[in-house]
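User: I would like to go through this model by question and answer. Please give cut-offs where a term needs them.

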Amino acid sequence: MAATPRFRKDAVAEQNTSAEQNTSAEQDLAEGAGRRHPVDETLPPLKMFTSGLQHVAAMYAGVVAPPMIVGPALGLTAKETAFLMGASLFTAGLATLLQTLGFWRVGARLPFVNGVSFAGVTPMIAIGKDRGHDGIAVIFGAIIVAGVLGFLLAPYFCKLVRFFPPVVTGTVITLIGVSLLPVAFNWAQGGDATAADHGSTTDIAMAAVTLVIVLALRKLLRGFLQQIAILLGLVTGTLIAIPVGITDFGALGDADLVGFPTPFHFGAPQFEIAAIVSMCIVMLVCMTESTADMLALGKIVGRPADERTIEGGLRADTLGSALSPLFNGFMCSAFAQNIGLVAMTKVRSRFVVAAGGVILVVLGLVPVAASVIALVPLPVLGGAGIVLFGSVAASGIQTLATAALEKGENALIVAAAVGVGLIPIAAPDFYHAFPEDMLVVLDSGISTGCVVAILLNLAFNHLGRKPDDEAGTEGEPTTDEQPRDPMTLPVAH
């Protein structure tokens with residue numbers, strides 16, 4: 001959303017400037033004042049660690065869930081599935097470091113978190129079901145090829161950014177938040193729909209207590225303590241959950257002290273055409289979602305993502321994905337829930353997220369440390385997740401407020417895209433008769449909504465328009481207004 005006031009002046013000095021010009025203005029003002037942009041600022045070690053740990057706590061369940069699902073489906077033992085979970089944490093940490101620190105033209109250099117993509121779960125199960133180690137080897141081979149292909153496509157894919165005006169980005173950001181909310185609701189119910197106590201009053205009550213604690217801490221605390229309200233809420237909720245009886249200490253007792261994800265632990269990668277095609281489709285889906293996430297995060301931190309930023313971010317995504325199978329990890333992509341955390345805490349430093357990446361690497365190397373994070377019960381995580389994911393949706397709504405919805409057919413674009421994007425959420429079996437390969441895209445409300453918004457924006461705001469007409473009809477803001485932090489909506493600027 002909008003940057004702090006010292007950056008806001010230059011950002012709104014001229015109307016209808018491009019994202020790249022706004023970014024340059026902010027950086028020039030920061031340099032002139034002798035200060036770095038908040039994205040490039042470093043914090044004291046303790047703040048760096050605790051803020052990074054908060055990002056890890058927010059994403060931990062999302063990182064370990066895909067291997068937790070895929071492992072048993074492929075016929076792996078419980079120990080082998082645990083190994084996959086550790087490898088996923090390790091590779092998520094490496095990919096996050098690529099994004100935040102970067103090298104050459106790799107990395108968005110934004111507080112951008114990477115982890116295992118949920119988009120690949122269904123096709124990976126279809127590829128390797130009941131094939132054990134051979135199935136894993138085929139999956140890893142397909143991910144390597146898809147990652148390399150995505151890396152080569154990044155310089156071209158990023159040029160699509162001009163087709164992501166506020167009417168598109170606002171729609172997609174809103175869908176990201178709304179699509180993540182069911183995940184939080186599932187966590188609040190216990191996380192396992194097959195369990196006898198799924199959705200018990202105890203689990204939902206713990207989620208509600210955690211939600212109230214987080215909101216109260218945000219209201220009552222100030223400064224740094226307010227910024228880590230999510231982490232404090234998770235710790236407090238976990239402590240309350242111990243006497244309630246929903247905290248599982250079993251993983252802590254069974255975990256090894258040290259463990260390294262041995263390269264190609266399940267054998268050399270195997271390459272099958274059908275599997276490669278399937279994972280390449282998943283990669284394109286992930287690149288689309290990452291592009292939308294980078295645009296959202298750029299607005300929130302006050303450094304709009306231009307083509308070069310998106311190209312670097314996509315290269316980090318795809319390179320991280322290509323390297324992950326070496327350490328027995330799956331395809332990596334952006335984690336939208338952490339965007340909500342950035343919006344809520346207002347901590348915009350990419351080095352904080354880099355610290356989170358280091359913590360993830362350590363968790364992957366020290367299973368017993370990973371199991372400590374795993375002590376947080378899912379209902380507790382679900383209560384905090386409602387705030388996190390809701391913040392993302394609020395960011396999207398704020399972006400739509402600048403999209404000139406009263407002009408042209410912009411309101412119609414939003415209506416159709418949001419409607420289509422909500423189908424997988426409101427009616428999960430809607431596409432059950434479609435071919436399984438198509439479900440990779442159709443079952444992602446973010447992807448389908450993004451595609452619809454882009455196509456309708458092209459149809460209504462580009463095709464047949466004169467150059468002089470496009471500026472006022474593509475959903476660009478026509479006033480000095482900039483998107484604002486969703487957590488500061490009541491505050492006048």
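Predicted model: local features only at pLDDT ≥ 70, side-chain atom pairs only at ≥ 80, totals over all residues.

Analyst: Residues are numbered from 1 along each chain as its sequence is written, and side-chain values use heavy atoms, with hydrogens and water left out.

User: How many helices and strands does the secondary structure of the protein chain come to?

Analyst: Helices (H or I, at least four residues) and strands (E, at least two) are DSSP runs, numbered from the N terminus. On that basis the protein chain has 22 helices and 2 strands.

User: What percentage of the 493 residues in the protein chain is buried?

Analyst: Buried means under 20% relative accessible area, exposed over 50%, and partly exposed in between, with a 1.4 Å probe and protein chains only. Of the 493 residues, the buried share is 54%.

User: Which residue forms a salt bridge with D40?

Analyst: A salt bridge here is a side-chain nitrogen of Lys or Arg within 4 Å of a carboxyl oxygen of Asp or Glu, and the structure holds 4 of them. For D40, the closest N and O atoms of the pair are 2.6 Å apart, and the partner is R303.

User: Which residues are linked with R303 in a network of salt bridges?

Analyst: R303 has a salt bridge with D40. The network that includes R303 also links D40 and R350.

User: Are E307 and K159 buried or partly exposed?

Analyst: E307 forms a salt bridge with K159, with the closest N and O atoms 3.8 Å apart. This pair links distant parts of the chain, E307 being in helix α13 and K159 in the loop between α6 (132-157) and α7 (166-188), 148 residues apart. Relative accessible area is 32% for E307 and 46% for K159, and each is classed as partly exposed.

User: What separates R315 and E311 within helix α13?

Analyst: R315 and E311 form a salt bridge with the closest N and O atoms 2.7 Å apart, and R315 is buried, as is E311. Being 4 residues apart in helix α13, they are separated by about one helical turn.

User: Where does α17 bend?

Analyst: Helix α17 (residues 378-400) has 23 residues and reaches 32 Å from its first C-alpha to its last, close to the expected 33 Å, where the expected span is 1.5 Å times one less than the number of residues. In α17, 18 of the 23 residues are buried, so the helix is largely enclosed by the rest of the structure. The bend, taken as the angle between axes fitted to the seven residues ending at a position and the seven starting there, is about 30 degrees at G385.

User: Which residues does T448 touch?

Analyst: T448 lies in helix α21 (residues 445-461) and is buried at a relative accessible area of 6%. Taking contact as heavy atoms within 4.5 Å, and not counting residues up to four places away in sequence, T448 touches V420, G421, V441 and L442.

User: Which helix gives the most to the nonpolar patch?

Analyst: Patches are made of residues with over 30% relative accessible area and no salt bridge, with like charges joined within 9 Å and nonpolar side chains (Val, Leu, Ile, Met, Phe, Trp, Tyr) within 5 Å. L149, L153, Y156 and L284 make a nonpolar surface patch of about 380 Å², with areas from the Shrake-Rupley method and a 1.4 Å probe, where for residues only the protein chains shown count as cover. L284 is in helix α12 and is partly exposed at 38% relative accessibility. The most, 3 residues, comes from α6.
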